[in-house]
Amino acid sequence: MNLRVPSIQHDDCDELAALCKAGGDPLRLNVLRALANDSFGVLELAQIFGIGQSGMSHHLKVLAQADLVATRREGNAIFYRRALPHTELLGGKLHAALLEEVDNLSLPDDVQSRITLVHGQRAAASQDFFSRVAEKFRAQQDLIAGLPQYRESVVALLDKLSFGAGASAIEVGPGDGAFLPELARRFTQVTALDNSPAMLELARQVCERDTLANVTLQLADALNGVSLTANCVVLNMVLHHFAAPAEALKRMADLLKPGGSLLVTELCSHNQSWAKEACGDLWLGFEQDDLARWATAAGLVPGESLYVGLRNGFQIQVRHFQRPAGNTHHR
């Protein structure tokens, strides 16, 4: 009697098994919990969890093989952050459910206290860094956190949101225009709004160099009198230049079509007061909870977030806020 052996898709099974294995360890679950609002290097995580670097590297490798964490390199340092779940792919729903359950857990008190210690060490490193190189800085925000340091994270969120054909985007305060090529590749129509003719000229040069025929440059104050709307509004390192950031988020919400997405890249709260004078910053970053609260008050729903750690002690938050379909304007 011939027994029929069931056909098994080993590749698919291997992927799911790797995900289950990665989530089947208390330490790795706590690492995912610690990465909810932060990104850390392997040495920082080893310190936080009180284990050797080689042991932590092993756990991070298991998490990375299951696509639960992603990495970014800055110089010789590698920072780990959570990877976004893609629910339409194999294991994506399990990945999302795992993170949801993990976020309901509380980190042990000793782990939480060591995270606070690491944050203190970052702040000290930041002060040392800038005391050594402050004379090299000019009044430009990218001296703190340039686009190369957060481009991948913004693009990851953009691609996760999967805008449909014919979608449009607005970038408020595009700076020198370096992010416009990414938007031009992903949207049918892109509008760059800036109230600085000099910065718009730099953006125009980028559009000319890269032949960005679907990008329109507009000299305008995004907080007043802009009747334009789009499916996506991008705000990269701009909010800290607004005198009233909570009110500014309401104006950004007005630029969104129903169902549209606002992507905000900003520094997390920091204490580097020199940035106000050297870079024209009005605010020393923002607390994550404040951004969520202001966005909610603007009628937006907080979505997924990514956090990028920088060697000079700063940390970047890349936030997604959505305007619900049928949501009314604030004007």
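Start by selecting F163: its relative accessibility is 23%, so F163 counts as partly exposed (buried means under 20% relative accessible area, exposed over 50%, partly exposed in between, with a 1.4 Å probe and protein chains only). Before you click on, note that this is a predicted model, where local features need pLDDT of at least 70, side-chain atom pairs count only at pLDDT 80 or more, and totals for chains, interfaces and linings use all residues. Residues are numbered from 1 along each chain as its sequence is written, and side-chain values use heavy atoms, with hydrogens and water left out.

(Rings of Phe, Tyr and Trp, the last by its six-membered ring, pair if their centres lie within 6.5 Å; planes under 30 degrees apart are stacked, over 60 edge-to-face, the rest tilted.)

Next, select F286 and W294. This aromatic pair is edge-to-face, 5.6 Å centre to centre with 80 degrees between the planes. Both F286 and W294 are buried.

Nine of its 12 residues are buried, so β8 is largely enclosed by the rest of the structure. Show β7 (residues 230-236) too: six bridges join β7 to β8, running parallel (strands pair if DSSP finds at least two bridges between them). Look for N236 opposite T265 in β8. Then bring up β10 (residues 315-322), joined to β8 by seven bridges and running antiparallel. There, E266 stands opposite Q317 in β10.

Key:
Helix = DSSP H or I, 4+ residues; strand = E, 2+ residues; numbered from the N terminus.
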